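Me: I would like to learn how to read a few local features in a model. Can we work through them one at a time?

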Amino acid sequence: MNILLLSTDTDIVNAVEKYCVNNDHELISISKINDAEAELESHRFDAVLMDCSIRTSELIIFSEVISNALLDTVVLLIGPLDSNQREQLSRKLSAHYSIDKPLRTKAFNEIMGKVMKRAIIVRDAGLIGRSAVMEETVQTIMQIGPSPINVLLTGESGSGKEVIARAVHAVSLRAAKPFLAVNCAALAEGILESELFGHEKGSFTGASARRIGMFEQANRGTIFLDEIGEIPHSTQIRLLRVLEEREIMRVGGTEVIPVDVRVIAATNQNLESLVEEGRFRRDLYYRIKVLEITAPPLRKRPEDIPILVDRIARLYSLENDLPPRRFSDKAKDVLSRAPWTGNVRELRNVIESSLALTSSKIVGIDDIPSNLLRDINRHTTLPIRQEAPADSAERELIYRTLLDLKSDIREIKQFLFENRFKADNELRDPYMVEVKPLNEDQTEPTLEEIERQAIIDTLENTDGNRRLAAEMLGIGERTLYRKLKLYGLS
């Protein structure tokens with residue numbers, strides 16, 4: 001793998017060089033930021049190591065300038081850094097780790113092991129994101145990837161279940177072997193069995209030759225069964241035999257063929273309900289659900305949308321041999337407010353459509369499809385989305401408030417004040433942060449001050465229950481603990 005080191009510290013350079021030699025990684029060591037920018041613009045690196053003894057302000061600017069080049073790159077920050085500096089840098093990076101100086105061999109090897117495993121996930125599966133819920137997903141993948149257990153992926157359509165499946169395979173001991181994917185809902189019963197298990201010549205009309213099925217092709221690798229809830233009952237029986245006996249028999253055949261395949265299944269249905277209804281075998285359900293990972297819907301991780309927009313736009317330009325183009329910050333802010341019922345798949349369609357319909361180097365709000373803008377306006381104008389469940393309404397209000405404040409703090413504060421109470425207080429929300437309009441002689445509070453107050457008010461309204469407060473604020477519990485420490489509230 002390719003590693004870029006930005007450091008002027010001889011001890012750090014020597015430690016990284018030794019690690020790379022011992023682990024067969026290619027290393028380019030740079031001491032000047034300008035040279036590092038040139039390398040990142042002309043080469044692709046799996047990991048970038050930044051020595052933070054270089055002026056932090058310069059590193060922040062550097063991270064901003066080459067942010068697109070770091071979308072598919074894992075960054076290791078080599079300390080020391082205070083919490084504020086770390087927070088500023090982390091906003092520019094899609095995936096990062098940190099370690100303090102001096103570099104101790106054991107600790108450094110451990111953190112580099114995580115960095116390189118994360119780099120494999122990013123490189124081979126394209127799984128990126130800085131949100132707490134995505135970070136938890138990645139940590140689960142890194143933990144269970146090397147094990148041989150079967151995995152069930154659940155989540156809404158378009159939320160990236162196949163991407164997660166590819167990430168699990170990429171960090172597994174089977175990574176060098178095949179990864180094959182099949183959409184079980186797209187094939188009729190007879191065709192599905194032939195695809196999965198193969199068939200012998202003459203086993204049915206049109207079977208003019210022997211066919212090797214996907215389980216044989218994926219031997220010692222991974223097979224991804226998407227929409228497994230759609231598999232017919234007879235095929236479920238054959239699949240159960242594969243999982244229990246590790247052997248298959250081709251359609252129309254008599255030979256038992258041993259196979260060693262890891263199965264990752266996915267569904268957007270409630271399999272447990274299908275089991276209760278008798279539509280899915282209980283024994284098969286328990287066989288595939290050794291461990292379950294839920295793909296988070298895009299609306300649950302809006303902070304990931306800007307980097308996803310940048311990455312999709314960059315890949316679109318590369319795949320179509322077009323000059324690089326980007327979305328304006330305002331356009332990305334607007335896209336971050338969309339409901340995204342179609343999740344990442346819908347986001348990709350919108351990005352590619354916007355790029356196809358404009359030749360501008362910078363895609364603005366006016367280039368976003370009008371039907372999506374209407375959805376966004378409807379989504380952000382109402383106190384809560386009409387389709388939102390009651391138990392998530394408060395969380396959506398808090399999170400959307402903080403997101404909007406980032407783009408235009410004064411205007412949104414005034415908006416919140418004017419809409420804080422309706423005529424009869426029917427829509428009053430107990431978890432909403434009350435923001436009063438500024439007098440002319442008042443100093444406008446910073447976003448950090450408003451965020452701190454939001455955390456204080458939410459904790460008060462949840463009687464100090466930090467888990468519930470994190471849910472109300474739309475952030476991970478670990479992120480809440482970090483912010484409590486950052487704001488001196490712990």
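Me: Is Asp260 buried, exposed or partly exposed?
Reply: Start with the cut-offs: buried means under 20% relative accessible area, exposed over 50%, and partly exposed in between (1.4 Å probe, protein chains only). At 30% relative accessibility, Asp260 counts as partly exposed.

Me: What should I keep in mind about the source?
Reply: This is a predicted model, where local features need pLDDT of at least 70, side-chain atom pairs count only at pLDDT 80 or more, and totals for chains, interfaces and linings use all residues. Residues are numbered from 1 along each chain as its sequence is written, and side-chain values use heavy atoms, with hydrogens and water left out.

Me: How many salt bridges does the structure hold?
Reply: The criterion is a side-chain nitrogen of Lys or Arg within 4 Å of a carboxyl oxygen of Asp or Glu. By that rule the structure holds 26 salt bridges.

Me: Which side chain does Arg174 meet in a salt bridge?
Reply: That of Asp260, at 2.8 Å, N to O. Arg174 lies in the loop between helix H7 (161–170) and strand E7 (179–183), and Asp260 in the loop between strand E10 (257–258) and strand E11 (262–267), so the pair ties together parts 86 residues apart in sequence. Helices (H or I, at least four residues) and strands (E, at least two) are DSSP runs, numbered from the N terminus. Arg174 is buried, at 13% relative accessibility.

Me: Which side chain does Arg314 meet in a salt bridge?
Reply: Asp72, at 2.3 Å, N to O. This pair links distant parts of the chain, 242 residues apart: Arg314 is in helix H13 (residues 305–319), Asp72 in the loop between helix H3 (56–65) and strand E4 (74–78). Asp72 is buried at 7% relative accessibility, whereas Arg314 is partly exposed at 24%.

Me: Which residues are linked in a network of salt bridges?
Reply: Glu200, Arg210, Glu216 and Arg250.

Me: What is the phi of Trp340?
Reply: About 50°, a positive value, although Trp340 is not a glycine. Trp340 is in the loop between helix H14 (329–335) and helix H15 (343–356). Trp340 is buried, with a relative accessible area of 1%.
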